[in-house]
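Please look over the strand pairing in this model. A short report follows.

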Amino acid sequence: MASNGKLDLDYLVQPDRVHRSCYTDADIFARELEALFEHTWIYVGHESQVKQAGDYATTQIGRQPVIMVRDADGAVRVLYNRCPHRGSMLCNELMGNAGQTFTCSYHAWQFNLDGSVYAIPAKQGYDNTRFCMEDPDASMKPAAQVESYRGFVFAKLSEGGPDLVTFLGGARMAFDDMCDRAPEGEVDIVPTCFRVIQKSNWKIFLENQLDALHPSVTHGAVGKVATDVEEAIRQETGQEPPLKYHYLSAFTTPIFKWEGLETVGHPHGHCVLQGYMGLRPQDSDTLAYEDVMRQHYGAERTEEILGVNVHHVLVYPCLSVQSSLQQLRAVRPLAPDRTLTEIWHFRLKGAPEAIYRRSLDYYNLVNSPSTMVNADDLYNFWRCHEGLRSDGGDWVSFHRNAGMDHDKDGVMHSATGLSELPMRHMFGAWKQYLGGAA
Ligand code: FES
Ligand SMILES: [Fe+2]
């Protein structure tokens with residue numbers, strides 16, 4: 001499998017199966033963080049998390065703790081969360097306002113919001129030493145590249161490679177779709193999120209997001225209960241049930257309908273799963289929202305925007321976006337068997353409050369600590385990881401519809417919605433990154 005510290009990637013990742021060690025091996029995990037997460041564009045946060053100068057939010061890129069901060073000149077910067085003096089992390093909170101400078105709580109070195117050193121105490125002690133305020137080593141280190149697309153901020157810790165827009169390619173639709181659904185063309189983040197630690201490898205999570213066979217199996221019981229409640233509401237009130245029940249009853253969508261969907265694989269490992277929920281109800285809230293949209297965009301453009309039908313867009317390797325439901329999940333691998341997901345949601349600027357409430361219903365139903373949906377997924381993820389750790393077999397099968405998907409101008413299209421194209425496609429990108437070719 002590995003010789004002289006070199007991975008035999010052709011053995012580990014085959015066209016229709018991958019070796020279990022890709023999920024469980026500590027050395028492979030370390031290589032993933034270095035060659036993939038610290039070598040490509042990773043989502044850091046949304047500009048609306050840092051509206052005022054000094055506002056910051058902390059997170060991590062691969063193994064690196066980082067700070068996203070709004071500088072005094074209005075620019076959004078991404079800096080390593082490390083004091084150049086003796087290495088202490090400078091910001092220990094998830095978010096806050098640093099004022100005009102970051103001040104280290106250990107020995108009070110101070111840094112401007114762009115990371116450059118501003119002041120250090122007992123400065124005369126550095127006279128006649130090699131220390132120099134102008135030396136970059138005296139300042140906080142910035143990420144090598146920072147760009148944002150429609151307010152979504154990404155950073156890359158290495159130089160070179162494609163710019164963000166080129167990297168995103170077809171996956172830009174995630175952000176276009178979410179922002180276009182806002183009458184004002186922008187979204188505002190809700191400044192708190194669910195943070196979930198999954199006891200499983202990060203790739204199991206991403207694979208699940210586009211696994212169209214699992215909803216009717218894994219979530220079938222929840223779907224059945226929601227369907228029964230919908231029926232009871234219809235009988236008792238003569239009215240159509242609120243949309244939130246449909247979010248769950250949609251899990252009873254029969255398998256042949258999932259087959260009729262399509263998944264798409266874009267360059268760099270990004271994937272898209274077509275929508276299946278049919279989120280275009282005719283209730284009064286939706287109709288009022290559509291009126292506002294028409295006022296901003298006109299009838300034709302509004303139809304174009306609301307006609308976009310995607311369920312998940314994966315921005316490989318760090319994001320799963322549900323644009324029509326205004327939420328995203330950021331993936332932060334912690335260990336081979338531990339993954340943090342940050343689940344954020346957004347308000348459509350200019351849309352009626354009821355539309356936000358509707359997306360909040362989905363956000364809570366699917367992600368909250370009392371959810372019956374993510375709980376089922378998390379249990380699956382843990383069981384998968386434990387099984388992969390065992391000696392019960394060496395391979396993970398991605399054979400379904402292998403060789404049947406088709407390539408159109410460099411974009412892969414699945415033979416059916418149940419094709420394991422997304423898993424094969426993501427591992428294709430994984431292999432390139434770990435081989436140093438991406
Ligand atoms: S470690 Fe930050 S000032 Fe000393
Ligand atoms: Fe699920």
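Which residue in β7 is the bridge partner of Ala-57? The partner is Met-68. The model is a predicted one.

**Around β6**

Ala-57 also stands opposite Met-95, a residue of β9. Strand β6 spans residues 55-61 and is mostly covered. Six of its seven residues are buried, which here means under 20% relative accessible area.

| Strand pair | Partner strand | Bridges | Sense |
|---|---|---|---|
| β6 and β7 | β7, residues 64-70 | six bridges | antiparallel |
| β6 and β9 | β9, residues 95-97 | three bridges | antiparallel |
| β13 and β14 | β14, residues 152-156 | five bridges | antiparallel |

β6 and β7 form a hairpin with two residues between the strands. Gly-62 in this hairpin takes a positive phi near 60 degrees.

**The open sheet**

Three strands make up an open sheet, in the order β5-β14-β13. Their pairing is antiparallel. β5 (42-46) and β13 (145-149) stand at the edges. Each has a single partner strand, so one side of each lacks a neighbour in the sheet. From one strand to the next, the twist averages 30 degrees.

Key: Residues numbered from 1 in each chain as written. Chains lettered and ligands numbered in written order. Predicted model: local features only at pLDDT ≥ 70, side-chain atom pairs only at ≥ 80, totals over all residues. Heavy atoms only, no water. Buried < 20%, exposed > 50% of the residue type's maximum accessible area, 1.4 Å probe, protein only. Helix = DSSP H or I, 4+ residues; strand = E, 2+ residues; numbered from the N terminus. Pairing = 2+ DSSP bridges. Axes fitted to C-alpha atoms, helices over the stretch in contact; angles between N-to-C directions.
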